[in-house]
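Look at the sequence and the structure below. The paragraphs after them go through the parts one at a time.

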Amino acid sequence: MFLSEVRVRFAPSPTGELHIGGARTALFNYLFVRKAGGKFVLRIDDTDLERSRADYIDKLIASLRWLGLDWDEGPYCQSNRLEEYTREAERLVAEKKAYRCYCSVESLASGRSAARRDSKAFLYPGSCRNLSAAEEEAFHKEGISPVIRLLTPDQGTTVVKDEVRGEVRFENINIDDFIIVKSNGLPTYNFASIVDDLQMGITHVIRAEEHLTNTPRQQICAAALGYDLPLFAHVPMILAPDRSKLSKRHGATSVEEFYSEGHLPEALINYMALLGWSPGAGGEEEIFTLEEMSERFDLQKVNKTAAIYDVTKLGWMNSHYMRVYDLDKLVEAAIPFFEQKELVKTPLEEQDYCYLKQVIDAVRERAKTLVELAEASFYFYHDNFNYDDKGVNKHFRKENTVEFIRQAAAKLRQLESFDKEAVESQYRSLSEELGISTGRLIHPTRLALTGRTAGPGLFEIMALLGREKTVERLEKAANYIENNCLEK
RNA sequence: GGCCCCUUCGUCUAAUCGGUUAGGACACCAGCCUUUCAAGCUGGCAACAGGGGUUCGAAUCCCCUAGGGGUCACCA
């Protein structure tokens with residue numbers, strides 16, 4: 001027996017940016033299909049004319065590319081496949097497995113509110129199930145555009161065999177003759193989606209849990225259409241910290257926003273993978289490459305519980321990736337953020353690139369995001385910073401600081417070479433001469449050079465800034481202290 | 001409200017067939033390291049929603065309750 005090729009699909013609708021839930025669904029599909037050695041189909045579910053927008057398709061694609069989730073086929077757009085849905089729907093009508101319904105939206109709405117009053121679910125009563133040709137003709141003459149409804153079984157049970165949840169049973173009595181083609185001729189989601197999955201030979205439908213209760217309808221469709229069923233896997237949702245559905249008020253929720261906040265794709269991917277999945281059994285590491293995740297991924301190990309999305313761990317993960325990232329790659333990723341803060345301008349001269357690279361290497365360990373990285377690099381590019389207030393009180397206002405700084409500047413001016421080691425040994429011997437701790441020299445120097453009390457190792461900063469800027473800033477600071485800190 | 005799913009530290013999670021001092025990660029706290037801040041290392045705090053069963057033994061199996069989520073559209 002031949003193993004048929006595994007085919008999965010990710011089918012977002014272009015009604016907004018790719019959000020973290022959708023991205024994780026895409027990721028799980030990706031991990032699953034890479035491990036299985038199958039094909040990944042990208043499909044755009046754009047049958048909702050009102051809300052779908054072409055520019056969202058581009059954004060969706062850009063986000064997937066940025067994450068590194070590449071696909072093998074598509075993107076297919078449902079809007080290009082409308083004949084298929086019509087053809088299949090007409091076939092069902094011809095086979096008496098579906099029928100046209102002329103009920104008005106108003107009459108259905110009143111039925112719905114009545115059902116609500118009796119606290120029952122509204123089920124379409126099947127009024128148009130057995131219309132005679134004459135009756136249909138009459139409706140046509142009235143100019144009513146019908147919808148097409150699927151004739152669903154009134155008895156029995158539809159069982160969804162779910163890869164992560166096991167068997168989920170739905171009584172057919174609770175499923176009404178739902179609409180598969182709207183009066184404007186476009187298919188509904190439940191219909192278009194399953195027609196596509198069937199026609200595209202999708203073997204595993206991996207999607208969010210919100211679709212679980214749609215699945216029996218789609219299975220009934222598939223049966224009516226005469227196709228074999230794909231396997232289903234409904235992965236848990238991602239919730240906001242207050243357990244509600246994720247929305248704008250919860251901060252960044254889309255991949256684009258995570259990008260703008262300065263996250264690295266590897267970190268987002270790694271973080272998302274662990275939301276609802278873990279390699280389990282003994283494995284206690286949490287850092288994985290896409291390849292490692294693919295190797296270890298297993299739908300059976302996907303959780304059933306909705307996960308709460310909490311940015312703190314993402315921040316930790318991102319800072320981890322910033323530390324271990326290939327330096328040139330990190331520089332490349334960081335450049336737009338440095339540009340945005342007007343630290344660099346893009347066609348970068350070779351020596352500027354070289355300097356930037358050293359700056360980033362010095363600062364990367366204490367930044368959680370690329371935005372922070374650029375912020376923390378400000379003084380490597382500009383002189384116009386203020387001195388941190390607390391730092392001024394702590395370091396500049398101490399006795400003799402001006403003299404210490406001036407002496408340091410004088411010594412540095414005479415140094416033969418201005419590398420890290422030379423500067424450091426100069427500072428150490430000077431502090432000994434002065435009979436003070438090296439820290440007594442280091443702290444005011446850092447404040448003078450950076451305006452801050454925290455940052456990379458001081459001697460690294462000095463070597464990077466170079467002799468001229470270092471001395472200049474030391475003298476500027478000495479003057480500042482005289483003018484601002486020594487008044488009675 | 002009907003239907004469906006879910007419930008282990010604050011958060012993400014682990015615990016092959018029921019037998020563990022219920023493990024790890026993030027966060028938090030403390031100590032070490034140290035020129036600062038980070039990082040790193042060491043230690044600490046912290047959970048089986050509640051109640052009934054079944055069993056020699058239950059986080060694990062069954063039932064009930066509570067809570068959360070999803071879905072009930074001519075949205076996807």
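This is a predicted model: local features need pLDDT of at least 70, side-chain atom pairs count only at pLDDT 80 or more; totals for chains, interfaces and linings use all residues.

Residues are numbered from 1 along each chain as its sequence is written, chains are lettered from A and ligands numbered from 1 in the order in which they are written, and side-chain values use heavy atoms, with hydrogens and water left out.

Begin with RNA strand B. It is surrounded by 62 residues, of which Asp-48, Ser-119, Arg-165, Lys-182 and Glu-365 are the closest. A residue is near the strand if one of its heavy atoms lies within 4 Å of it. By class, this surface has 21 nonpolar, 19 polar and 22 charged residues. Here Ala, Val, Leu, Ile, Met, Phe, Trp, Tyr, Cys and Pro count as nonpolar, Asp, Glu, Lys and Arg as charged, and the others, Gly among them, as polar. Several elements supply at least two residues each, including helix H4 (105-117), strand E7 (166-171) and helix H18 (438-450). Helix H11 gives the largest share, four residues. Helices (H or I, at least four residues) and strands (E, at least two) are DSSP runs, numbered from the N terminus.

Which parts of RNA strand B lie within 4 Å of the protein? Of those atoms, 73% belong to sugar or phosphate, and the rest belong to bases. Some polar contacts (pairs of N or O atoms within 3.5 Å) can be named. At Leu-274, a polar backbone atom lies 2.6 Å from a sugar or linking oxygen of RNA strand B.

Now turn to the helices. Two packed helices are described by the angle between their axes and the distance between the axes. Axes are lines fitted to C-alpha atoms, for helices over the stretch in contact, and angles run from 0 to 180 degrees between N-to-C directions. Angles under 35 degrees count as roughly parallel, over 145 as roughly antiparallel, 65 to 115 as roughly perpendicular and the rest as oblique.

Helix H17 (residues 420-434) packs against helix H19 (residues 458-465) at about 125°, with the axes 8 Å apart. H17 and H19 are therefore oblique to each other. In their contact (heavy atoms within 4.5 Å), Lys-420, Val-423, Glu-424, Tyr-427 and Arg-428 of H17 meet Leu-458, Phe-459, Glu-460, Met-462 and Ala-463 of H19. Six of these residues are nonpolar, none polar and four charged.

Helix H16 (residues 401-414) and helix H20 (residues 467-484) have axes that come within 9 Å and cross at roughly 160°, which means that H16 is roughly antiparallel to H20.

Helix H3 (residues 82-94) and helix H6 (residues 189-199) pack at about 100°, with their axes 10 Å apart, so H3 is roughly perpendicular to H6.

Two backbone features remain. Most residues other than glycine have a negative phi, and most peptide bonds are trans. Glu-342 is not a glycine, but has a positive phi of about 60°; Glu-342 lies in the loop between helix H12 (327-340) and helix H13 (350-363). A cis peptide bond, with omega about 5°, joins Gly-74 and Pro-75, and Pro-75 is in strand E3 (residues 73-77).

Notes
A polar contact is a pair of N or O atoms within 3.5 Å; within protein, one must be able to donate a hydrogen and the other to accept it, and residues adjacent in sequence count only if both atoms are side-chain atoms.
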